[in-house]
Amino acid sequence: MENNKLNNLIQSNLIDFSTDILEIPLDTFIDNDTIEAFPILGSIFKIIGLGKSINDKIFANKLIHFLNELKDLENDFILKEISYIDDSNLYRHKVGAKILEIINRIDSDSKPQIIGKLFKSLLLKHIDYATFYKLVNSVESIFIYDLLVLKDFDEHGYLYVDPPPHLYNFELCNVLTMNSHFIDLTNTEERFYGVRAELLHHGTILLKFGLN
């Protein structure tokens, strides 16, 4: 049932209209008059089966930001790939139901867009489902501003300050050097730094497919 809700949203071409309401501030979005002003919102509420509570409106807002990341994909392609994942029987939950569950739980600040980008990468087979779910778990659990620290790593995959602990806990980066000298590759001068951290595989994938 939950899986069909996501499929129904995609079949209804609501992705094409998501951009029109992205700029509405959240405090305006949750106002009752907004639903009447944008009929597209009424369609989303009806398909998902939402009421008019603040939590329902916040969920719809996150869902729109998620869907907007899929706007460059054909609806038929999205549905075909969802069906392919579901029919593989490798996973306990239907992907559509899992997506809605995740979006309902996550914070509003930028995370729906990140999940949308990761899901797009899954559909395009840039990442597999196991990697997708691992990265989504990291995105859900890590404070958004800590997560954005991944963008501060340089082109060589290094960061010369101590990253937030969660980035270590979720195996997104690793400490290479603490309290020692090493060569700074950006200008070939020997420098001293307290910590040098390096992106690990999943950190690199999250940065490439979720944060860029």
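1. Let me start with a loop: lysine 125 sits between helix 8 (111-123) and helix 9 (129-141), where helices (H or I, at least four residues) and strands (E, at least two) are DSSP runs numbered from the N terminus. Its phi is positive, about 65°, although lysine 125 is not a glycine. Most residues other than glycine have a negative phi. Lysine 125 counts as exposed because its relative accessibility is 52%; the cut-offs are under 20% for buried, over 50% for exposed and partly exposed in between (1.4 Å probe, protein chains only).

2. A word on the source: this is a predicted model, in which local features need pLDDT of at least 70 and side-chain atom pairs count only at pLDDT 80 or more, while totals for chains, interfaces and linings use all residues. Residues are numbered from 1 along each chain as its sequence is written, and side-chain values use heavy atoms, with hydrogens and water left out.

3. Glutamate 171 also deserves a look: its phi is near 55°, a positive value in a residue other than glycine. Glutamate 171 lies in the loop between helix 11 (165-169) and strand 2 (173-184), and counts as partly exposed because its relative accessibility is 46%.

4. Helix 9 has 13 residues and spans 18 Å from first to last C-alpha, close to the 18 Å expected at 1.5 Å a residue (1.5 Å times one less than the number of residues). At its start, a side-chain oxygen of aspartate 128 comes within 3.4 Å of the backbone nitrogen of alanine 130. Buried residues of helix 9 include Tyr129, Phe132, Leu135 and Val139. Their cover includes helix 6, helix 7 (95-105), helix 8, helix 10 (144-147) and helix 12 (201-211).

5. Helix 6 and helix 8 pack at about 75°, with axes 10 Å apart; axes are lines fitted to C-alpha atoms over the stretch in contact, and angles run from 0 to 180 degrees between N-to-C directions. Helix 6 is therefore roughly perpendicular to helix 8 (65 to 115 degrees). Phe77, Ile78, Glu81, Ile82 and Ile85 of helix 6 meet Phe119, Leu122 and Leu123 of helix 8, contact meaning heavy atoms within 4.5 Å.

6. Asparagine 75 belongs to helix 6 (residues 75-87) and counts as buried because its relative accessibility is 13%. A polar atom of the asparagine 75 side chain lies 3.2 Å from the backbone oxygen of isoleucine 10.

7. Finally, phenylalanine 66: not counting residues up to four places away in sequence, its partners include Leu6, Ile99, Pro112 and Phe119.

Notes:
A polar contact is a pair of N or O atoms within 3.5 Å; within protein, one must be able to donate a hydrogen and the other to accept it, and residues adjacent in sequence count only if both atoms are side-chain atoms. Angles under 35 degrees count as roughly parallel, over 145 as roughly antiparallel, 65 to 115 as roughly perpendicular and the rest as oblique.
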